[in-house]
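Trainee: I am new to this structure. Could you walk me through the terms used to describe it?

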Amino acid sequence: MTVTSPKLVKLDGIEKHFGAVRALGGVDLAVGQGECLGLVGHNGAGKSTLMHVLAGTASADRGSLTILGEAPAGYSPGIAKKLGVRCVFQELSLCPNLTVAENTRVFHPSLTGFNWRAKAGRLILEKLDAIFPGHGISASDLVQDLAIGRRQMVEVARAFTATDEPVRLIILDEPTSSLDAHTARQLLGFMRRAVADGISFIFISHLLGEVLEHCDRIVVMRDGRTVADADATTFDRDRLVAAMGDVEVHARETRANKGRARGQSPLRVRARPRRQSGIGELVAHEGEIIGLAGLAGHGQTELLLAIFSAAMRADARAEVTASVALVAGDRQADGVFPLWSIAENIGVRSLPSLRQGLLISPRREDALANLWRDKIRIRTPDVHHNILSLSGGNQQKALFARALGSDARIVLMDDPMRGVDVGTKLEVYDLIREEADAGRTFLWYTTETDELKQCDHVYVFRNGAIVADLTSDEVTEQKVIQSSFAEAS
Amino acid sequence: MKGTLGRAFATPWIWSFVGALAVWLAAVFFTGGYGAGGMLTAALSLAVFTVVVGVGQMFVITLGPGNVDLSLPANIGLASAVAMTVMAGDDGRILLGLAAALACGLAIGAANYLLIWALRIPPIIATLSASFVIQSIDISYGRGLQIKPPPGFADFTNIQVLGIPILAVLTVLFTVGAGLALQRTIFGRSVLAIGQNMRAARLAGIRVNRVRFATYALSGTLGGIDGALLAGYFRGANVDIGNEYLLASIAVVVIGGTSVAGGKANVPGLWGAALFLVLLLTMLNTFGVSAGVRLVLTGLIIVAVITAAGGAEAAR
């Protein structure tokens with residue numbers, strides 16, 4: 001990239017307020033043709049809001065936007081699409097009741113005629129095959145039946161499909177947070193090839209390694225402003241973290257539970273995946289952090305849900321000896337109550353203990369919410385605000401608070417760190433370790449190797465069954481990926 | 001001061017009271033002030049019956065899209081007959097009769113949810129088909145006879161203190177309790193959570209089936225007690241006594257500011273809406289319009305109130 005590369009998109013002095021909250025305070029941003037721009041910052045720094053302005057789904061209070069040197073009048077998602085701006089947002093935008101092909105047709109009105117379904121199916125499968133070889137998705141699958149990782153793959157592939165409109169800029173807002181390491185690599189590789197073909201990208205991720213490796217230029221946002229903007233080569237991990245405003249720079253050493261031998265403490269969970277043949281079963285004891293690994297959608301979430309319902313009523317597949325709480329990863333479908341305040345969303349799992357006499361005490365509810373707001377830094381001036389006033393990562397923190405603030409002795413986590421920033425992640429790791437030392441048991445499904453390293457013991461899943469059983473010393477990315485692909489032994 | 005007023009107008013239920021006040025003033029203006037107090041007393045007396053079933057319907061509708069109890073009219077009819085038969089015109093058996101009406105309503109509510117849960121029928125169909133069955137039972141059980149209430153019970157439902165029906169006072173206390181139950185008990189919070197996202201509610205540890213069962217049972221029970229009270233107030237039970245409460249129970253919930261999409265309910269609004277509906281009829285009657293025009297106007301005015309309430313909400 002040279003300095004003279006023509007600017008495709010230019011944002012100047014963008015400001016945006018939500019009520020009293022300033023989301024963007026005068027942001028300048030430019031993307032050149034065939035450039036991959038990495039955008040990083042903490043939860044609530046304004047990244048997603050800025051992208052909504054660029055995509056036309058939100059209008060700026062002040063500031064200007066130019067695309068290809070012109071300022072489009074009455075900018076809207078429709079105009080953005082015509083000009084070639086495509087986006088893949090954190091909150092997935094596919095219609096759950098339609099098939100993959102039908103969702104593609106919704107995006108491309110020019111697919112007409114009797115066989116539009118077949119045309120749309122071919123279009124999307126072509127892209128899926130190109131980006132995610134071996135994706136296992138069929139064009140006639142209903143979106144609601146796809147696991148969140150596959151939904152994310154369809155969403156990404158759809159952004160790349162082209163019919164009568166050009167594709168110039170693709171915004172990827174944390175596309176890898178719902179993908180496992182393998183598919184994330186496929187996507188990043190494809191992104192670089194597309195950059196070579198002249199398509200521009202804005203790539204948002206909390207995984208700084210991805211951004212450093214795959215972007216040409218990196219912009220750091222903090223508190224609704226850009227605080228750094230330079231070539232990717234001039235950054236390293238520590239500089240990025242420092243620019244984002246973190247006190248803590250280094251990822252702490254893992255502190256796995258080395259002092260205690262496995263199986264010394266009482267049994268908490270014993271469960272067998274439904275499609276398990278042979279002897280494999282998942283076992284968790286009090287005070288352990290158990291990782292569930294493998295490619296996304298290979299039965300990890302399913303087993304967590306089975307354990308959850310076994311705790312509610314007897315189930316032959318799983319033995320659970322204590323109360324259970326779940327931290328949802330798919331927060332829209334499984335977690336957030338959209339009409340409620342942050343405090344109500346946090347308190348819902350702890351209602352019996354919030355009572356004073358017969359009635360729920362608002363004072364206790366607020367106390368619980370404020371305690372956790374401060375403990376894991378949910379960015380809000382007031383816990384009585386609606387939960388949707390929070391950014392995606394902060395909503396996820398509220399769901400964490402819901403489970404950790406409850407009386408549950410076992411916490412099930414369904415890839416819960418989607419959209420959570422680096423600083424918070426490290427804090428949550430510590431918090432989980434602390435709670436485990438105090439006797440809580442964690443079952444942690446995650447697609448990130450860093451998180452598996454926090455676990456005392458890891459089970460790798462493939463096709464709905466446990467195929468490997470690793471102790472904390474054995475966990476490496478290679479080992480996990482190897483087991484994910486190896487034939488079941 | 002201005003802020004308080006602004007907040008008051010931002011709450012959706014205020015519009016139902018504004019509407020009730022407006023139609024009352026219009027009627028009073030037309031009669032030249034004659035019968036203003038009597039109109040209010042009559043409106044309070046009649047609104048009670050709508051509010052009682054409205055509370056049940058509100059909890060059911062708050063469970064989320066598709067949840068509605070269409071068996072209330074048949075339920076009211078059967079419970080009124082059961083109550084009057086058990087009381088058998090004897091003042092000493094009033095409590096027994098009320099208990100029978102409650103049990104009858106509870107059984108109907110439980111049967112409704114059994115249909116929904118065991119056969120996985122949508123609530124609209126389940127409660128509607130249940131209502132046909134209940135109606136048939138009522139017809140064969142009551143044989144179309146009008147059964148008189150005991151004099152003590154009939155008098156009780158008509159007592160007024162300073163022009164305020166005692167039943168209305170009791171119902172106000174009951175709705176205060178319902179409001180607390182909705183916002184401050186585990187049951188109420190569970191209903192609100194299920195209405196927003198049933199899957200998330202289950203994963204947050206809420207016993208979804210139990211709560212839904214309790215909600216339909218509650219709605220049935222309230223229908224039962226309403227049937228007994230109506231039979232006392234109108235001095236006799238009959239099969240058709242609950243007919244108007246099919247639409248009325250749903251209308252007061254919606255006008256009162258409860259979301260039909262579920263997850264958001266409003267108790268004070270039920271009172272405003274019930275008074276509004278009753279006073280609207282009174283007003284149109286004093287104007288002397290024909291039955292056809294009355295229906296058209298009722299429909300139009302309800303639409304107007306809902307639009308006003310919805311607009312206020314959107315502007316927030």
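This is a predicted model: local features need pLDDT of at least 70, side-chain atom pairs count only at pLDDT 80 or more; totals for chains, interfaces and linings use all residues.

Trainee: Why is α3(B) called roughly antiparallel to α11(B)?

Mentor: The axes of α3 (residues 36-62) and α11 (residues 208-233) of chain B come within 8 Å and cross at roughly 170°. Axes are lines fitted to C-alpha atoms, for helices over the stretch in contact, with angles from 0 to 180 degrees between N-to-C directions. Angles over 145 degrees count as roughly antiparallel (under 35 as roughly parallel, 65 to 115 as roughly perpendicular, the rest as oblique), so α3(B) is roughly antiparallel to α11(B).

Trainee: Which residues make that contact?

Mentor: Among them are Phe49(B) and Val52(B) of α3(B), and Leu222(B) and Leu229(B) of α11(B). Two residues are in contact if their C-beta atoms, placed from the backbone, lie within 7 Å. The contact residues divide into twelve nonpolar, five polar and one charged.

Trainee: What makes α12(B) largely enclosed by the rest of the structure?

Mentor: Ten of the eleven residues of α12(B) (residues 245-255) are buried, so the helix is largely enclosed. A residue is buried if 20 or more other C-beta atoms lie within 10 Å of its own (exposed if 12 or fewer, partly exposed in between). The buried ones include Tyr245(B), Leu246(B) and Ile255(B). Just after α12(B), Gly257(B) takes a positive phi of about 100°.

Trainee: How do you know that β14(A) and β17(A) pair?

Mentor: Strands pair if DSSP finds at least two bridges between them. β14 (residues 324-327) and β17 (residues 410-414) of chain A have four bridges, in the parallel sense, so by that definition they pair. Val327(A) has Met413(A) as its bridge partner. In β14(A), Val324(A) and Leu326(A) point one way, Ala325(A) and Val327(A) the other, and all are buried.

Trainee: Where do the domains of chain A lie, and how many residues touch?

Mentor: Domain 1 spans 7-244 and domain 2 spans 267-484; such bounds come from an automatic or database domain assignment. Their C-alpha centres lie 28 Å apart, and 22 residues of domain 1 are in contact with 24 residues of domain 2.

Conventions:
Residues are numbered from 1 along each chain as its sequence is written. Chains are lettered from A and ligands numbered from 1 in the order in which they are written. Helices (H or I, at least four residues) and strands (E, at least two) are DSSP runs, numbered from the N terminus. Ala, Val, Leu, Ile, Met, Phe, Trp, Tyr, Cys and Pro count as nonpolar, Asp, Glu, Lys and Arg as charged, and the others, Gly among them, as polar.
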